[in-house]
Amino acid sequence: MDPLIPGIVGAAFCILVIGFVMERFRQPSVIGYILAGIVLGPQGLALIQDQAVIARMGEFGVILLLFFVGMEVPLATLLKHWLVSGLGTLLQIVLSLGCTWAIGTFFGWPVARIVLLGFVVSLSSTAVVLKYLELRDQLHTRLGSNLIGILLVQDVAIVFMLIAMQFLRGQTPSAGELVLQGIGCVASLLLIAFLARKKHINLPCYQNFCGKGDKEYEVFMALILCFGLALVSGLLGLSAGLGAFLAGLVVSSAKETQWVHENLNPFRVVFLALFFVSIGTQIDLDFIRLNTMALLMLVLVLFVTNTFINASILHVLRTPWHESLLAGALLSQIGEFSFVLAAVGHEASIISDYAYHMTISTIVFSLILTPAWAMLIERSTAAWRRRSPTS
């Protein structure tokens, strides 16, 4: 018997049991996956030893998630709210940096640490927010469009954040890298403009290879559509997730969403679950036990500050207060790309071992507690609106 089989069976069983418990308590499956990662990780049953492999497989889940979002969200709706996603995200990053700068100046942090932590707290979790919207059938609402636009702009912003980190580490990106990224940005905008003008496009490759409805070929064609543009986007120095989203827009414009959705949805479920399981495996339980109160205080401050920043920006951009507050709450956690930034900062000695573990633990806590925080804000705003019908 292959030695991997017991681990696979144990992992699947653990995920199923914890997922069932979360379902009974009406909690998002995301929390169950993270808890499963803790149980399966080095400090639990130790069924998952190679965390790096699981983490890399989990990244495929985020790529597939953005691909499905591109298929399911109308491009016209996203373009209608471009001001919120573009200007709103820029203001949010600037204000997050400003708050971190004030704290860092008080504690005497170096500039590199201030900028790094400012970037870390400014990014939200694409997977958590989209899963929340999907469960509540809000992807196609104005709230969903605003949040998706902001998350996509954040995915683009991570490229510039990594470039900034190179400068702070004393490294200068080559002219070739900057040119490639510029080409990637222009090409992405041109593709979006083309799809916005063309209401319908044809995919002749599908007709040629899958015209007879061969299910096996359809699976591979769907994978090529998703990961092909993700590969091109990555080669141009942009986020692979952005390329997958653009691929989803292409599929949506070609009206081929049904067979693509049917063939790739099982892959999305498995790999997205692995992404959250990989987060759970990174949790150091001993560190959390020793710093529980500090972590909870950090997460509370993070939630309140980020909710206020995002809600204020969205309200200024003409979004009603109750909707702005819910959007701010959903964006208040720290996202998956912040793991990458924290790792870069730790490797470059910008943050210490203690600060790195504190950052990672705070990210995980924020991901786990986001659904509860969003529901609290949603119920509070609903109660406020009932008391103030004219608000």
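User: In which element is Ser145 found, and what makes that element a helix?
Analyst: Ser145 is found in helix α8. Helices are DSSP runs of H or I with at least four residues, strands are runs of E with at least two, and both are numbered from the N terminus. The model is predicted, so local features need pLDDT of at least 70 and side-chain atom pairs count only at pLDDT 80 or more, while totals for chains, interfaces and linings use all residues. Residues are numbered from 1 along each chain as its sequence is written, and side-chain values use heavy atoms, with hydrogens and water left out.

User: Why is Ser145 called buried?
Analyst: Buried means under 20% relative accessible area, exposed means over 50%, and partly exposed lies in between, with a 1.4 Å probe and protein chains only. Ser145 has a relative accessible area of 2%, and therefore counts as buried.

User: Which residues does Ser145 touch, not counting those up to four places away in sequence?
Analyst: They are Thr77, Leu78, His81 and Leu139, where contact means heavy atoms within 4.5 Å.

User: Why is the pair of Phe60 and Phe271 called edge-to-face?
Analyst: Rings of Phe, Tyr and Trp (its six-membered ring) pair if their centres lie within 6.5 Å; planes under 30 degrees apart count as stacked, over 60 as edge-to-face and the rest as tilted. By this rule the count comes to 8 aromatic pairs. For Phe60 and Phe271 the centres are 5.7 Å apart and the planes stand at 85°, so the pair is edge-to-face. Phe60 belongs to helix α3 and Phe271 to helix α13, so the pair ties together parts 211 residues apart in sequence. With Phe227, these two residues are linked by ring pairs into a cluster.

User: How do you know whether Phe60 is buried, exposed or partly exposed, and what of Phe271?
Analyst: Phe60 has 36% relative accessibility and so counts as partly exposed, whereas Phe271, at 18%, is buried.

User: What makes the pair of Phe107 and Trp109 stacked?
Analyst: Their ring centres are 6.1 Å apart and their planes lie at 20°, so the pair is stacked. Phe107 is exposed at 55%, and Trp109 is partly exposed at 27%.

User: How do you know that the length of helix α9 agrees with its number of residues?
Analyst: The expected span is 1.5 Å times one less than the number of residues. For the 23 residues of α9 (175–197) this gives 33 Å, and the end C-alpha atoms are 33 Å apart, which agrees. The buried residues of α9 are Gln181, Gly184, Ser188 and Leu195; their cover includes α4, α8 and α12.

User: What angle is there between α5 and α15, and how far apart are their axes?
Analyst: Helices α5 (82–107) and α15 (292–316) pack at about 145°, with axes 10 Å apart. Axes are lines fitted to C-alpha atoms, for helices over the stretch in contact, and angles run from 0 to 180 degrees between N-to-C directions. By class, the contact of α5 with α15 has 7 nonpolar, 6 polar and no charged residues. Here Ala, Val, Leu, Ile, Met, Phe, Trp, Tyr, Cys and Pro count as nonpolar, Asp, Glu, Lys and Arg as charged, and the others, Gly among them, as polar.

User: Why are Arg318 and Ser349 called exposed?
Analyst: Arg318 has a relative accessible area of 77% and is therefore exposed; Ser349, at 62%, is exposed. Arg318 lies in the loop between α15 and α16, and Ser349 in the loop between α17 and α18. Although not a glycine, Arg318 has a positive phi of about 70°, and phi of Ser349 is near 65°.
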